Amino acid sequence: MIKKQYPLDIQSYDFKISTPVQLRFNDLDGYGHANNSSMQAFFDLGRAAYLQEACGSDFYKSNKTLLVVSYSTDFYRQVHLEDHVEVRVAVYRIGNKSISMLMTIVNLDNGEICAVSDSVMSGFDKETQGSCSILPQWRSKMEQIEGRRL
């Protein structure tokens, strides 16, 4: 049982965006489970899927983007090669220049949460190489995905 408090109730929250993860041999360590750096890569897959859904397919080509500026990960269960897992993603806060995102890796075979990542992304302008405000269309789409005002 996970006792840590997160910004969302990870046990019951209806995550709207999920991404299946195909485990590969190179994701495993000598003990036969996904190593921690691979787990971070799984979270990146989920983050990318969410941002593509919320910001559109041209998101990475735009001068305005989002950069991960902070993340914290808690590991709860091992993930093995034969496990079927997915990353579930939710945005829970949008400020003027930042977005807070919570992600879980869930074992689909037994419903157990294997890891949780809480991260902050900052708006970034590639042209000026400085921070920028969160674009209104991003905010609007993320609120639409989450089904509530953020």
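Of the 150 residues in this protein chain, 47% count as buried, meaning under 20% relative accessible area with a 1.4 Å probe, protein chains only. Keep in mind that this is a predicted model, where local features need pLDDT of at least 70, side-chain atom pairs count only at pLDDT 80 or more, and totals for chains, interfaces and linings use all residues. Residues are numbered from 1 along each chain as its sequence is written, and side-chain values use heavy atoms, with hydrogens and water left out.

Now for the layout. The chain has two helices and six strands, running β-α-β-β-β-β-β-α from the N terminus. Here helices (H or I, at least four residues) and strands (E, at least two) are DSSP runs, numbered from the N terminus. The radius of gyration is 16 Å, close to the 15 Å that the globule rule gives for 150 residues, so the chain is as compact as a globular protein of that length. That radius is taken over C-alpha atoms, and the rule is 2.2 Å times the number of residues to the power 0.38. The C-alpha atoms fill a box of roughly 45 × 30 × 25 Å along the principal axes.

What about contacts, meaning heavy atoms within 4.5 Å? Among those between residues at least 6 apart in sequence, 68% join residues at least 24 apart.

Let's zoom in on one spot. H33 sits in the loop between β1 (17–21) and α1 (36–55), and H33 is buried, with a relative accessible area of 17%. Leaving aside residues up to four places away in sequence, H33 touches D27, L28, Q78, V79 and H80.

How values were computed
Buried < 20%, exposed > 50% of the residue type's maximum accessible area, 1.4 Å probe, protein only. Contact = heavy atoms within 4.5 Å.
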